[in-house]
Amino acid sequence: MAIQLIPLPPSIWTSLPGRDVIASLGEVTGMGDIWRPLTFSPMKTANSLASLVVPVAGLMVLALLDDSGWRRLPWVFMVAGLGSALFSVAQIILPGATGLYLYEITNADSAVGLFSNRNHNALFLSVALLFCVIRLEQVSRKQYTPADLVAAVIALTIFAALLVNASRTGLAGLGLVGLIFGVRAILQWRAASARGENGGVRLLFGMAVGAASLALIGLFAAMGRSPAIERLIAHDAAEDQRLRSLPYVLDMLREFQPFGVGFGAFEQAFRTVEPESLLTPRYLNNAHNDWLQWPIEGGLPAIALLVVALFLIVRQVIRIARNQSGQAEMVSNAWLGILTVGIFALGSLIDYPLRTPSLMLLGAAALAMIFKPIANGMKG
């Protein structure tokens, strides 16, 4: 990002792909000889660089944790999820109440919780619910504790918040968490049966949770109390705009290589290719697909970095899958990290979750949980 902020002489800058329109305007306005950085928006790129302070600081704090701290780490996000869920429910049942929306620009008619965007809140709540579900998954193997009751209360509160959230991402998140829970219950039942143990209790527990979830979703839908379900069948002008813009976004992916347009500068770059037919009071602030926007903004270096990151993650996932001999809590944390990264990867197909500092922090924590060495194994 810092390289994208270095001013370039006009002879180099005007030769970069996709700069023709701005270069022509510069000639007309008498500013053709000024030095410009690679990015289309120095302010947005500088802001993107500064936002990395949050995940970097989070990783530095995580590096100081002992094993006990790592075991308690999921509770941080479960409690944060509870706070956002309570805000979400309050925003729906107390419409117009001051102080419940924390940002001036926000989805003011939706349950955004501690966020400004209902989709980001839905994704965060889905991950927090996953953390609770994995915690409750172990209840059938041990004695009940007060912490299990707290986790159950948090899970139910988050579940209710996702149902009243007007985000289709929330419904998708609920379905994904339910699918993960069901698959894990079946795998654990088969593993227990292979060891000659009675794993029926775990399977029945998983089926009961899944059935209860579907029943509640159906109840909310029948009562007309789930805005997300209503939005599934309603016309969405914003979604229509994104679909109509997709061909031009794909053109940008090709046109602005190999250097990109600058991180955070998608909006400004899109205006240079946006056709007149797409001009409306709404504007496209992001591609709503970070798998496309990342290479558009960062070019080939960003693509190379992404490939390396994916390779390292996949290699670590294979190591974890082959080595389950570590401490149970640490192995569970590693799988939580893997599943969280998977949810972010899917969410990034239709949105831009990792451009929000708090979700950056959650993503950084998930990666740390994946790469944290597990005692009694995971060497090399």
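Predicted model: local features only at pLDDT ≥ 70, side-chain atom pairs only at ≥ 80, totals over all residues.
Q: At roughly what angle do the axes of helix 4 and helix 15 cross?
A: Two packed helices are described by the angle between their axes and the distance between the axes. Helix 4 covers residues 53–62 and helix 15 covers residues 357–371. Their axes come within 8 Å, and the crossing angle is roughly 35°.

Q: Is Ser84 buried or exposed?
A: Ser84 lies in helix 5, residues 67–93. Beyond residues up to four places away in sequence, Ser84 touches Val112, Gly113, Leu114, Phe115, Asn121 and Leu125. A residue under 20% relative accessible area counts as buried. Because its relative accessibility is 0%, Ser84 is buried.

Q: What is the C-alpha to C-alpha distance between Glu297 and Phe263?
A: Glu297 belongs to helix 13, residues 290–322. Leaving aside neighbours within four places in sequence, the contacts of Glu297 include Gly262, Phe263, Gly264 and Arg355. Glu297 and Phe263 are 34 residues apart in sequence, and in space their C-alpha atoms are separated by 4.8 Å.

Q: What is the relative accessibility of Glu297?
A: Among the residues in contact with Glu297 are Gln4, Phe259 and Phe266. Glu297 counts as buried because its relative accessibility is 0%.

Definitions and conventions. Residues numbered from 1 in each chain as written. Heavy atoms only, no water. Axes fitted to C-alpha atoms, helices over the stretch in contact; angles between N-to-C directions. Helix = DSSP H or I, 4+ residues; strand = E, 2+ residues; numbered from the N terminus. Buried < 20%, exposed > 50% of the residue type's maximum accessible area, 1.4 Å probe, protein only. Contact = heavy atoms within 4.5 Å.
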